[in-house]
Amino acid sequence: MASTVLEATRAKHEDMERLERLAVRELQREPANARDRLYQSHRVRHMLDLVISTSGKLVEIYEDKDNARKDEISNHLSSTVQAEIFPKFYDRLKEIRDYHRRNPSARFVSATDDFEELLKEEPAIEFTGEEAFGRYLDLHELYNEFINSKFGTPMEYSAYVGTFSHVEKMAQNLKTSRQYREYLEHILEYLTSFLYRTEPLQDIEKISAKLESEFEEQWTNGEVPGWESKDPEKESAQESVIDLDYYTTVEELVELGPEKLKEALAARGLKSGGTVQQRAERLFLLKHTPLEQLDRKHFAKGSHSSVSNATSNGNNFKDNLKKEIALMEVKMRRLCELLDEIIVRTKENAEKKLTLTYEEMEAEREEEEVQADSESDDEDQQIYNPLKLPMGWDGKPIPYWLYKLHGLGQEFKCEICGNHSYWGRRAYERHFKEWRHQHGMRCLGIPNTKNFNEITSIQEAKELWEKIQQRQGLNKWRPDLEEEYEDQEGNIYNKKTYTDLQRQGLI
């Protein structure tokens, strides 16, 4: 019970200490697998959020805007006479007893028990199927947005994953558009969400604030990657916050709303009054007519004689837009640096999928689901593996039926790979396309073609290569024997005979 301000203050300090101890205890526990480590981070993040919210309430109490804390302290200090202390003590004791008589269950409530439940919770974290519980990025929506935009170029998904963060190579005239700005917003939103879900203990707000402070100095010195040569005076007077190149009709401008249209018109020194339709029509005139050649009746009072002021305002808006886009690019690059390992893993996974059939991809997906379902609820138990089964990605033995299904107990040795062992028929068949076998074939001077599949002996590979060479030699085109020449009399000779006769002067 916290019926007084001082009691509420003491209780909140106690709650903060308990949460801090629980967070330390949770971090000292070694997680059993990757999923448990992610759950652990989210539980600690939840505790830190509770500490922050409790601290905010304590700040409000200490600020004492309603003077309740001050009055309570002065009330206690005013009891300087010995005779007044005990009556107030017994009055306070009577209040406490009355409270517990009205609420008998209150005495059994323990804040410690409530906080202990936080350690048993399983946080609700949502991932898509492509993300595989935080192992990969799911950039398919951003990829489709990129290749269908005016600033994008057609490419494979795997290539996009490896290059989507290299925006500094893009031309500046393609960046200063509404479509590109929305694209950057979508990337930042997704990367921030993914980083929060996979690394909840990262202080993203602190990272963002530090980037913004460093960005101001870089922008002033013209050192931002991709924006080194910025010259606002060379920008067009027709451009502003609203890029007219991406609007084809007046109706599309109407959808922006009256406020945005008013700002765009005012930036150019045009009249900003009238209905939304009239504003859109007035702004749409600039799509095909330069600002300097526009009829003076469209300008606001006092602005028709100073078009240069409107041009300057337009340049200021344009420069602010470029600065905002450059800051978003800097934030995106920083987030990509934090997720560099996952981006590399995502690219490798995308390239791997290009070489797999549909059946193989389904088999891998089922295998991952089986491994996820086979996770034990008891995380403290030791791993019991008497059959010496291979370990899955979660650090636990795979199910025995899956071990038998894939024939992982069968060993295949390849002499070309240096007598390396492959367990299971699937791994054995796939190794013929992997780097180890290709390197061995290259050392033997034999091309690694389909003809040499299932060949693991060096002697057999050499014999087969000799037979192939002999067969190719019989069918090979021999121009000195098979190419025909005709003399002036119509006699036919092969190339060798014709050349010899010609040298002797007989032809």
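This is a predicted model: local features need pLDDT of at least 70, side-chain atom pairs count only at pLDDT 80 or more; totals for chains, interfaces and linings use all residues.

**A tryptophan in a loop**

I started with Trp227, which is found in the loop between α10 (204-221) and α11 (250-254).

Is Trp227 buried or exposed? I looked up its relative accessible area and got 1%. The cut-off for buried is under 20%, so Trp227 counts as buried.

Next I asked what Trp227 is in contact with, leaving aside its neighbours within four places in sequence. My list reads Gln172, Lys175, Thr176, Trp219, Lys322, Ile325, Ala326 and Glu329. I also checked Ala171: 56 residues separate Ala171 and Trp227 in sequence, but their C-alpha atoms are 9.5 Å apart in space.

**An arginine in a helix**

I went on to Arg333, which has its place in helix α14 (residues 307-338). Its relative accessibility came out at 16%. Buried means under 20%, so this arginine counts as buried too.

Which residues does Arg333 touch, once its neighbours within four places in sequence are left aside? I found Ser165, Val167, Glu168 and Pro225.

**The whole chain**

Time to zoom out. I counted 22 helices and four strands in the chain. Of its 507 residues, 33% count as buried.

**Two helix pairs**

Reminder from class: two packed helices are described by the angle between their axes and the distance between the axes. I looked up both values for two pairs.

Pair one is helix α1 (residues 5-28) with helix α2 (residues 34-63). Their axes come within 9 Å and cross at roughly 160°. An angle over 145 degrees counts as roughly antiparallel, so α1 is roughly antiparallel to α2. I noted the crossing of α1 and α2 as left-handed. By class, this contact has 13 nonpolar, five polar and four charged residues. On the α1 side I wrote down some of the residues, among them Met16, Leu19 and Leu22. The α2 side includes Val44, Met47 and Leu50.

Pair two is helix α6 (residues 140-147) with helix α9 (residues 178-198). Here the axes come within 11 Å and the crossing angle is roughly 170°. That makes α6 roughly antiparallel to α9. I put this one down as a left-handed crossing as well. From α6, the residues in the contact are Leu142, Glu145 and Phe146. They meet Glu182, Tyr183, His186, Ile187 and Tyr190 in α9. Sorted by class, that gives five nonpolar, one polar and two charged residues.

**A hairpin**

Strands next. Strand β1 (residues 411-414) pairs with strand β2 (residues 420-423) in the antiparallel sense, over four bridges. Which residue in β2 is the bridge partner of Phe412? I found Tyr422.

In a regular strand the side chains alternate between the two faces of the sheet. I checked β1 with that in mind. Phe412 and Cys414 make up its covered face, while Glu411 and Lys413 are on the uncovered one.

The hairpin has five residues between the strands. Gly418 in this hairpin takes a positive phi near 80°.

Most residues other than glycine have a negative phi. I went looking for residues that go the other way and noted two.

Phe133 has a positive phi of about 55°, although it is not a glycine. It is found in the loop between α5 (111-116) and α6. With a relative accessible area of 22%, Phe133 is partly exposed.

Glu454 has a positive phi of about 70°, and it is not a glycine either. I located Glu454 in the loop between α19 (435-444) and α20 (458-474). At 39% relative accessibility, Glu454 counts as partly exposed.

Conventions:
Residues are numbered from 1 along each chain as its sequence is written. Side-chain values use heavy atoms; hydrogens and water are left out. Two strands pair if DSSP finds at least two bridges between them. Axes are lines fitted to C-alpha atoms, for helices over the stretch in contact, and angles run from 0 to 180 degrees between N-to-C directions. Angles under 35 degrees count as roughly parallel, over 145 as roughly antiparallel, 65 to 115 as roughly perpendicular and the rest as oblique. A crossing is left-handed if the near helix is turned anticlockwise from the far one by less than a right angle, and right-handed if clockwise. Contact means heavy atoms within 4.5 Å. Ala, Val, Leu, Ile, Met, Phe, Trp, Tyr, Cys and Pro count as nonpolar, Asp, Glu, Lys and Arg as charged, and the others, Gly among them, as polar. Buried means under 20% relative accessible area, exposed over 50%, partly exposed in between (1.4 Å probe, protein chains only).
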